[in-house]
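User: Hi! Could you show me how to read a few features of a fold?

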Amino acid sequence: MKKHAIIPIFIPHIGCPNDCVFCNQKKITAKINPPSKEDIVDIIERNLKTIINRNIETIEIAFFGGSFTGIPLDEQISYLSIAKKYKDEGFINKIHLSTRPDYIDDKILTNLKEHSVDIIELGVQSFDEDVLRLSGRGHNAQVVYSSSKLIKEYGFELGLQLMIGLPGDSYEKDIYSANEAVKIGPSIARLYPTIIIYDTALYDMYKKGSYTPLSADEAVKNTKDMYKILKNAGINVIRIGLKSTDYINENGQVTGGTYHPAFRQLVESELAKEHLENQLLKSQINNSKINFVSNSKCFSYMIGNNKSNKIYFKEKYPNFSFKFKVNPNLKDDEYLLL
Ligand code: SF4
C-alpha cells in the first residue's frame with residue numbers, strides 16, 4: 001500500500017521582492033499566470049481521480065513554488081479555502097505549504113490555522129550569515145529560529161529545507177547548518193544540492209568564475225554527512241536532491257552544479273558503503289569471503305549506483321571476495337557484514 005500521495009500545486013511568487021541568486025522565478029513568473037480558483041479545483045480533481053480508491057493512507061495538497069505566505073493575504077485565503085473544503089469533506093488529509101522564514105508572523109499563522117494548514121516548510125538554505133548574504137536571501141539566520149519557534153507554538157508540523165554548495169558555503173558550514181536544524185527540531189527536512197539554472201545571478205557568477213559549484217563527489221559527501229546528522233536526530237528527510245519537476249525545465253534549464261536525477265540513491269549508497277566499510281575495518285575476519293547483507297528495499301543502495309559499491313570494494317580490497325545478499329529480516333538502513 002502506498003502510504004502517501006501529494007497533490008502539488010505550483011504557486012509562482014509574482015512580484016517576489018527578493019533576489020536569491022539561484023532562483024529563476026522572476027523569469028518564470030513573467031511567463032506564467034498564477035492559477036485561478038478553477039485551475040486549482042481542476043488540478044485537485046484530476047489528481048484525486050488517480051489516487052482515490054487506491055488505499056492511500058495520507059493525501060496532501062501541497063502549495064509549492066514560491067513563498068506562499070509572501071503572496072497577498074486575500075490570494076492565500078482564496079487558495080486555502082479550496083484546499084480546506086477538500087480537507088473538510090474528507091478527500092484529503094493534510095494541507096502543506098512552503099515559504100520563506102521571514103514571511104511568518106502571528107497574522108499569517110493565524111490565517112493558516114483558520115484554514116486547517118498542517119505542515120509549513122521553511123526554505124532556510126543555510127544558517128551561515130555569509131552564505132545567506134552571498135546568496136542574496138535577504139534575511140538573516142536569526143529569523144529562522146524565531147519563525148520556527150512560532151510555527152511550532154501554533155502547533156504546525158515544521159519542515160526545514162537546506163541547500164548545499166551555495167556561494168560562500170563549505171563542508172564545515174553545511175555540518176553547522178545540519179546541527180542548527182537539529183537544535184530547532186523540525187519533523188521533516190529536505191536537502192538540496194545547489195544547481196545552476198540559466199537566467200539566474202548564479203549562472204552569471206559561474207560564467208564570470210566568481211562561483212564554483214561543488215564537484216559531484218563533494219556534493220554527495222556533504223549531503224551524506226548532513227543527512228546522517230538529521231537522521232540520527234530522528235528527523236524524516238523526505239527529499240534529497242531536486243526532482244526534474246521541482247523547477248521549470250524549459251528546454252533544459254539546468255546548466256551546471258550537481259543535478260543528478262537519482263541524487264538520493266547516490267547519497268544512500270555512499271552511506272551504505274560507509275557502514276559496510278566501518279564494519280570491515282573493525283572486524284578481525286580471517287576468512288577472505290565476505291557477505292554484505294541488507295533487506296531487499298535497501299539492496300540497491302548497498303550495491304551502489306551503477307554497482308559503484310561493488311566495484312569500490314572489489315578494487316580497494318582485492319584480497320577479499322564480496323557477495324551482496326538480501327535478508328528480509330533486516331531493518332531499513334541495516335547493512336551487515338557476515
Ligand atoms: S527563491 Fe523564493 S524568495 Fe528567493 S527570489 Fe526565488 S521566489 Fe523569491
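Predicted model: local features only at pLDDT ≥ 70, side-chain atom pairs only at ≥ 80, totals over all residues.

User: In what order do the strands of the open sheet run?

Analyst: Strands (E, at least two residues) are DSSP runs numbered from the N terminus, and two of them pair if DSSP finds at least two bridges between them. Here seven strands line up as 1-2-3-4-5-6-8, with parallel pairing. Strand 1 (4–10) and strand 8 (236–240) are at the edges with a single partner strand each, so one side of each has no neighbour in the sheet.

User: Which residues have the most contacts inside the largest nonpolar core?

Analyst: In soluble globular proteins, nonpolar side chains tend to be buried together. A nonpolar core is a set of buried (under 20% relative accessible area, 1.4 Å probe, protein chains only) Ala, Val, Leu, Ile, Met, Phe, Trp, Tyr and Cys residues joined through side-chain atoms within 4.5 Å. The largest one has 58 residues, and Ile7, Ile44, Ile61, Phe63, Leu112 and Ile120 have the most contacts inside it.

User: What is phi near in Ser116?

Analyst: Most residues other than glycine have a negative phi. In Ser116, phi is positive, near 60°. Asp199, also not a glycine, has a positive phi of about 70°.

Definitions and conventions: Residues numbered from 1 in each chain as written. Heavy atoms only, no water. Buried < 20%, exposed > 50% of the residue type's maximum accessible area, 1.4 Å probe, protein only. Helix = DSSP H or I, 4+ residues; strand = E, 2+ residues; numbered from the N terminus.
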